[in-house]
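Subject: Structure for your review

Dear colleague,

Please find below the sequence and structure that I am handing over to you. My notes on what was found follow directly after them.

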Amino acid sequence: MVLETNLYFALIVIGALLLLIEAINPGFFFAVPGTTMIVLGVMFLMGIDVFSSAWGILIGVAAALIAASLSVLLYRRLSPDQLPTTMSRDSLVGKEGRVLVEVKSDDLSGKVSISGVELSARSTKRILSPGTTIRVISSEGVHVIVEEVR
C-alpha cells in the first residue's frame with residue numbers, strides 16, 4: 001500500500017515537472033501528458049482503481065480525455081492570437097524601416113529594424129545615423145543592404 005501510494009505521488013510529481021518544463025520551454029509537447037498524469041495520480045490516490053474493472057478503465061480514460069481537452073483549451077487561451085512572423089531576407093526587398101545602430105558601407109556592425117525585426121545591415125554609399133528611415137534594396141547572406149529614404 002505504501003509503495004502504491006508513493007507511485008501515485010510520483011505520477012503527480014512527474015506530471016507537475018512536465019508542466020514546469022512546458023512553462024519554461026513552451027511548445028505544447030508536455031502540457032497534455034503532464035495534466036493527464038496529475039489527474040490520474042489524484043484518481044489513484046482517491047482510491048479509483050483504473051485498471052481493475054471495465055468501469056475503472058472507462059472512468060480513467062474519460063478523466064484523461066477531459067484533462068487533455070482542458071489543457072488544450074487553457075493553452076489556446078494563454079497563447080497569442082497572432083501567428084509568428086517569419087521572413088526571409090529576400091522578402092524584405094522594398095520594405096522600409098529605421099536605423100538602430102549606425103550603418104556603414106564597409107562593415108556589418110550596423111543594425112536596422114524592419115517590421116519589428118532587428119537585422120544586420122550595411123549601406124550602399126554613406127553612413128546612416130540612428131533614426132534614419134531606410135529601404136532595403138537587396139540582401140547578401142545574413143545581412144541586408146539599405147539606402148536612405150528621401
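I begin with serine 123, which, leaving out residues up to four places away in sequence, touches Val103, Lys104, Ser105, Leu128, Ile145 and Val146. Please bear in mind throughout that this is a predicted model. Serine 123 belongs to strand S3, and at 2% relative accessibility it counts as buried. Its side chain comes to 2.5 Å from the backbone oxygen of arginine 126. Serine 123 also stands opposite valine 146 in S5.

Overall organisation

The chain contains three helices and five strands. Read from the N terminus, the order of the elements is α-α-α-β-β-β-β-β. Of its 150 residues, 25% count as buried. Among the contacts with a separation of 6 or more, 41% are between residues 24 or more positions apart.

Tyrosine 8 is in helix H1 (residues 2-24) and phenylalanine 44 is in helix H2 (residues 31-45), so the pair ties together parts that lie 36 residues apart in sequence. Phenylalanine 44 has a relative accessibility of 13% and therefore counts as buried, the limit being under 20%.

Helix H2 itself has 15 residues and spans 21 Å from its first C-alpha to its last, close to the 21 Å expected at 1.5 Å a residue. Its buried residues are Ala31, Gly34, Thr35, Thr36, Gly41, Met43 and Phe44. Just after H2, glycine 47 adopts a positive phi of about 95°.

The strands and how they pair

Strand S2 (residues 110-114) and S3 run antiparallel and are joined by five bridges. Valine 112 is placed opposite leucine 119 in S3. S3 also pairs with strand S5 (residues 143-148), here in the parallel sense and over three bridges. As a general point, side chains in a regular strand alternate between the two faces of the sheet.

The hairpin of S2 and S3 has two residues between the strands. Serine 115 is found in this loop, and its phi, near 55°, is a positive value in a residue other than glycine. With a relative accessibility of 53%, serine 115 counts as exposed, because the limit for that class is over 50%. The C-alpha atoms of serine 115 and glycine 97 are separated by 7.0 Å, although these residues are 18 residues apart along the chain.

The nonpolar core

Which residues make up the largest nonpolar core? There are 12 in all: Leu92, Val99, Val103, Val112, Ile114, Leu119, Ala121, Leu128, Ile134, Val136, Val144 and Val146. The elements giving two or more residues to this core are S2, S3, S4 and S5. Both valine 112 and leucine 119, noted above as standing opposite each other, are members of the core.

Apart from its neighbours within four places in sequence, valine 103 is in contact with Gly110, Lys111, Val112, Ala121, Arg122, Ser123, Arg126, Ile127, Leu128 and Val146.

The loop between S3 and S4

Threonine 132 lies in the loop between strand S3 (117-123) and strand S4 (133-140). A polar atom of its side chain lies 2.7 Å from the backbone oxygen of serine 129. Not counting residues up to four places away in sequence, threonine 132 touches Gly97, Arg98, Val99 and Glu148.

Yours sincerely

Technical notes
Residues are numbered from 1 along each chain as its sequence is written. This is a predicted model: local features need pLDDT of at least 70, side-chain atom pairs count only at pLDDT 80 or more; totals for chains, interfaces and linings use all residues. Side-chain values use heavy atoms; hydrogens and water are left out. Helices (H or I, at least four residues) and strands (E, at least two) are DSSP runs, numbered from the N terminus. Buried means under 20% relative accessible area, exposed over 50%, partly exposed in between (1.4 Å probe, protein chains only). A polar contact is a pair of N or O atoms within 3.5 Å; within protein, one must be able to donate a hydrogen and the other to accept it, and residues adjacent in sequence count only if both atoms are side-chain atoms. Contact means heavy atoms within 4.5 Å. The expected span of a helix is 1.5 Å times one less than its number of residues. Two strands pair if DSSP finds at least two bridges between them. A nonpolar core is a set of buried Ala, Val, Leu, Ile, Met, Phe, Trp, Tyr and Cys residues joined through side-chain atoms within 4.5 Å.
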